[in-house]
Amino acid sequence: MRDENDDYPKLWQEIKKGFTRRIGGRGSPWQSRYWEHTIRNDADLQAHCDYIHFNPVKHGYVERASDWPHSSIHRYIERGDLPADWGTNDDFEGRFGEPIR
């Protein structure tokens, strides 16, 4: 038996609506093109982590992913899973479907 909390997209929709109502009149802080995605395997998880880690580079905030201080990439580097110079424009030009600035 499913209850209403099993409907993940609907749950997020309600959370986002409630938050937007609470900040009132400032426009929506949410990205309009959200979609649910269930991680399928280790390779899919790694691809999504790469995308998240690379976003500050893609948007021109930093030169390499590890330069962004708020990233979980630092844990990956500390564990030895990624080199400190991972994630530059040269590494991922066009890989994530949006042009790099």
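Helices (H or I, at least four residues) and strands (E, at least two) are DSSP runs, numbered from the N terminus. This is a predicted model, where local features need pLDDT of at least 70 and side-chain atom pairs count only at pLDDT 80 or more, while totals for chains, interfaces and linings use all residues. Residues are numbered from 1 along each chain as its sequence is written, and side-chain values use heavy atoms, with hydrogens and water left out.

**Whole chain.** Color by secondary structure. The protein chain has four helices and zero strands, in the order α-α-α-α along the sequence. Contact means heavy atoms within 4.5 Å. Of the contacts between residues at least 6 apart in sequence, 40% join residues at least 24 apart.

**Surface.** Accessible areas come from the Shrake-Rupley method with a 1.4 Å probe; for residues, only the protein chains shown count as cover. The protein chain exposes about 7,900 Å². Carbon and sulfur atoms supply 51% of that area.

**Trp-12.** Select helix H1, residues 8-23; Trp-12 is in it. At 31% relative accessibility, Trp-12 counts as partly exposed (buried means under 20% relative accessible area, exposed over 50%, partly exposed in between; 1.4 Å probe, protein chains only).

**Core.** Select Cys-49, Phe-54, Val-57, Val-62, Ala-65, Ile-73, Tyr-76, Leu-82 and Trp-86. These nine residues make up the largest nonpolar core, meaning a set of buried Ala, Val, Leu, Ile, Met, Phe, Trp, Tyr and Cys residues joined through side-chain atoms within 4.5 Å. Helix H2 (42-58) and helix H3 (73-78) each give two or more residues to this core. H2 gives the most, with three. In soluble globular proteins, nonpolar side chains tend to be buried together.

**Leu-82.** Zoom in on the loop between H3 and helix H4 (89-92), where Leu-82 is found. Is Leu-82 buried or exposed? Leu-82 is buried, with a relative accessible area of 11%. Leaving out residues up to four places away in sequence, Leu-82 touches His-53, Ile-73, Tyr-76 and Ile-77. Draw a C-alpha to C-alpha distance to Ser-66: Leu-82 and Ser-66 are 9.9 Å apart in space and 16 residues apart in sequence.

**Aromatic pair.** The structure holds one. Rings of Phe, Tyr and Trp (its six-membered ring) pair if their centres lie within 6.5 Å; planes under 30 degrees apart count as stacked, over 60 as edge-to-face and the rest as tilted. Select Tyr-61 and Trp-68: the ring centres are 5.7 Å apart and the planes at 35 degrees, so the pair is tilted. Tyr-61 is exposed at 57% relative accessible area, whereas Trp-68 is partly exposed at 27%.
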